[in-house]
Amino acid sequence: MDLRFGDSKPTDEERAAVDALLGPPESSWEGADRSDADLRWARGGREARDRRDQLLPALHALNDRVGWISEGALDYVCRRLTVPPAEAYGVATFYAMFSVRPRPATVLHVCTDLACTAAGASRLCAAVESRLGPESGVKVERSPCLGLCERAPATLVIRAGESARPAQEDTPAGPAFEDEAVQAEGGSGGAAPGDGGGTSRSSEAESGGGKGRRGRNTLHATAICAPATPDRAIAAATAPESAPTEPAPEAAVPQAGDPTLTLLHRIGTTDPTSLDDYRAHGGYTALRRAFALGPAAVIREVTDAGLVGRGGAAFPTGRKWQATAAQPDHPHYLVCNADESEPGTFKDRVLMEGDPYALVEAMTIAAYATGAHRGYLYLRGEYPRALARLTHAIEQARTRGLLGDDVLGQGYAFDIEIRRGAGAYICGEETALFNSIEGRRGEPRSKPPFPVEKGLFGKPTVENNVETLVNVLPILTMGAEAYAAIGTPTSTGPKLFCVSGTVARPGVYELPFGATLGELLALAGVRDNLRAVLLGGAAGGFVRPDELDIPLTFEGTREAGTTLGSGVVMAFDDTVPLPRLLLRIAEFFRDESCGQCVPCRVGTVRQEEALHRIADRTGAAAADDIALLREVGRAMRDASICGLGQTAWNAVESAIDRLGAYE
C-alpha cells in the first residue's frame, strides 16, 4: 500500500511555485480542472514519467517560495510527475535543507562542524538560540559544514518567498543580502534524459518551452555571515539591510596575485562576472586547442599528464575519459561534482566564485573528449554566490556561442544544466549523485556496473569534481609534458589545499605535489602549541606535530598511514578539546549516513554512543569501549557499500592510535 496524503490540497502559492518550474498542468490527471476529454481517457502519463528528474527541482521550488513542503504541495508535485507519494516523501525527507513540517520563512543555519567547533560555534549557537525565540520569525538550525571554514564560525541565512525585486548578478565583492535567481533546470539548458542532448535551450528557456521546463524559478534571498558573532548573525537574519558584506573570493586565497600559480592565477586579477576579462586572461585557449587536437588526442594529453581525481579517490582521469568515450551506448553524459561537503573543504567554492568561466570551459573540453552533448553541474545547496556566478557564466557562454548548438563554430553541440543539492553529504558519492539528479533518494548504487558503462539515466557517464576539471586547462595550454614536470613522478601537477583551524592565514593554497605538510603550515602561519593536524577532513586521519615532514602526495600520505583525501588540512592547538572533535565527527557520520546498508546505518550510531560514554574517561575505564569501537570500525570498513561507512572510523582510529586521545 502506498502512502496517501488524504484531502490535503496545495495552496495557490504552492501551485504557482511548481507551475513556474513545470508549466501549467495540461489535464486533470496532472492537477488541472477536469474537462470532458479527461473523463474519456488518461493522457500525459509517459511525458510526466520522463520528467521524474524534475522532482528535486520541484521540491526546491516549494522550499524557496514557502519555506517548507506541505502534504498538499507534495501531493501536487506527485500528480504532476506521476511519482508515487511514498517515493516523493522519501526524497523530501532525505535532504537536510528541506522540511515537511511548518517552519518560519527565514532559517538561520549555524555551522557546528570541525573548524567552526574549534572557533566557538557551540557558544555562538547557544547565544543565537537564546535571543531568537519563536516570536522572532526565525528558525535556528545547527548545520553541518557550510564550506566557509576559512572564516569560522559561519552562518547562512535563507529567506523563502518571492522577491520584490529582480535578481541581479553580484559584483566581485558580493552584496550583503543577495536575491538569488534559482535557475530552473530548463533555464540552464538541456534536453530530456535519454534524448542525446545537443540542443541549445536558450530560446526555449526564454519562451518557457521544452519538456515543460519554465526558465527561471522563484526568487529567494540568502545571506552569509562569516566570521559570525551573535549580533552579526541575528542582524543577517532579522535585518537584511544591515547584514555584513561577504568578502571577495580572493580573500580566501592568501597567495592571490602570485603570477606563478597555475590554478588560482585568475582569482583576484580577473573579474569573475566578465567573459571578456576571462578571455583576455587566457580563457578559451584550452578549448581551441582541444578542437585542434580532436577528442582522442585530448584524452591522450590528459593521460600523459598523469592527472588523477582530486576528490580523494585519485583515479586516473584519462582512463575514466577513455572508458566513457569507448562505450557504444549513447547518449553519453558529463557530470561535474560540485557538492563538496567534506568538513574542511572549500576549494571548489573558491574556484566557482572566483573563476566560474574556467569550470564552464573545462566541462566543455571534458564533454568534447568523451562524446557527451549534455552536462550536469551538481552544486551544493549551501553555495548561493557560486550558484549566481555559474548561472551568469553559463548564460553568457551560451549567448556568445561557447555553449549550445555550435560551440565556437566547430559543429559540436554541448550545454550545461545546474542542479542544486539540498544538504546531503552522501551525494558527493558519484552514484548517489546520479540518483539525486534522477529524482530519487541519494543512495549509492552497487558496482559494477560502473558509471562509465551505466551511470546517469543508465547511460555512460564521466564524473569529475571541480578541481579535477579545472586542471585540464593548464594541461592543454602548457602541454602534458610540462604539466607532468610539476610535482612528483607519481603525483603530477599542482594541488589545492584547504587550510583552516588554528592558523594565522587560513584559506586555499596551491602547491605542487611533493611539498611537505610543514611547508604548507608555515605558509598558513601555524600557531604555537600545535596539538594535531587532521588530513582529509572527517573521513581522513590525524597526524602528530612531529610528523610535519610528511610529503603531500597520495603515495606519501599513504606510506605515513594517513590520507590526502580532497586536500583538507585542519590544524588544532592544545586549546581545542580533542574528545569533543571526535564526538562531532561521529555525530556527523551518524547524521549523514543514508541508512541503506546495515554496517553503516548501525555502526555510525554505535560509534557515537561509545564516544559519548568515554568522553570524560581515559585509560582502563575506556578500554572496553575502545575495543568495541575497533570492532565496529572494522565492520564498517569491510562491509559498507560506499566510502562514507568505509571511512567513518578513520579519524577516530587515528586519534586513538597516533594521538593517544583517551590515554
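Below are my entries, in the order I looked things up.

**Ground rules.** I'm working with a predicted model, where local features need pLDDT of at least 70, side-chain atom pairs count only at pLDDT 80 or more, and totals for chains, interfaces and linings use all residues. Residues are numbered from 1 along each chain as its sequence is written, and side-chain values use heavy atoms, with hydrogens and water left out.

**Sheet.** Four of them make an open sheet, ordered β8-β7-β6-β9, with parallel pairing. β8 and β9 each have a single partner strand, so one side of each edge strand lacks a neighbour in the sheet. On average, neighbouring strands are turned by 20 degrees against each other, direction ignored. For pairing, DSSP has to find at least two bridges between two strands; β6 and β9 are joined by five. I also noted Y333 opposite T461 in β9.

**Helices on the sheet.** Helix α16 (residues 356–370) lies across β6, β7, β8 and β9, at about 140 degrees to β7. Helix α17 (residues 384–399) packs on the sheet too, touching β7 and β8, and makes about 165 degrees with the direction of β8. Contact here is heavy atoms within 4.5 Å; angles run from 0 to 180 degrees between N-to-C directions, with axes fitted to C-alpha atoms, for helices over the stretch in contact.

**Helix α18.** How many of the residues in α18 (430–437) are buried? I found eight of eight, with buried meaning under 20% relative accessible area, exposed over 50% and partly exposed in between (1.4 Å probe, protein chains only). The cover includes α4, α14, β6, β7, β8 and β9. Just after α18, G439 takes a positive phi of about 90 degrees.

**Salt bridges.** I searched for a Lys or Arg side-chain nitrogen within 4 Å of an Asp or Glu carboxyl oxygen, and the whole structure gave 43. One of them joins D64 and R420 at 2.5 Å, N to O. That pair ties helix α4 to strand β8 across 356 residues, and both D64 and R420 are buried.

R544 and D546 meet at 3.0 Å, N to O; here R544 is partly exposed at 30%, while D546 is exposed at 56%.

E653 and R637 have their closest N and O atoms 2.8 Å apart, linking helix α28 to helix α26. Last, I logged one network of E150, R151, E246, R349, E353 and R385, joined by salt bridges that share partners.

Conventions:
Helices (H or I, at least four residues) and strands (E, at least two) are DSSP runs, numbered from the N terminus.
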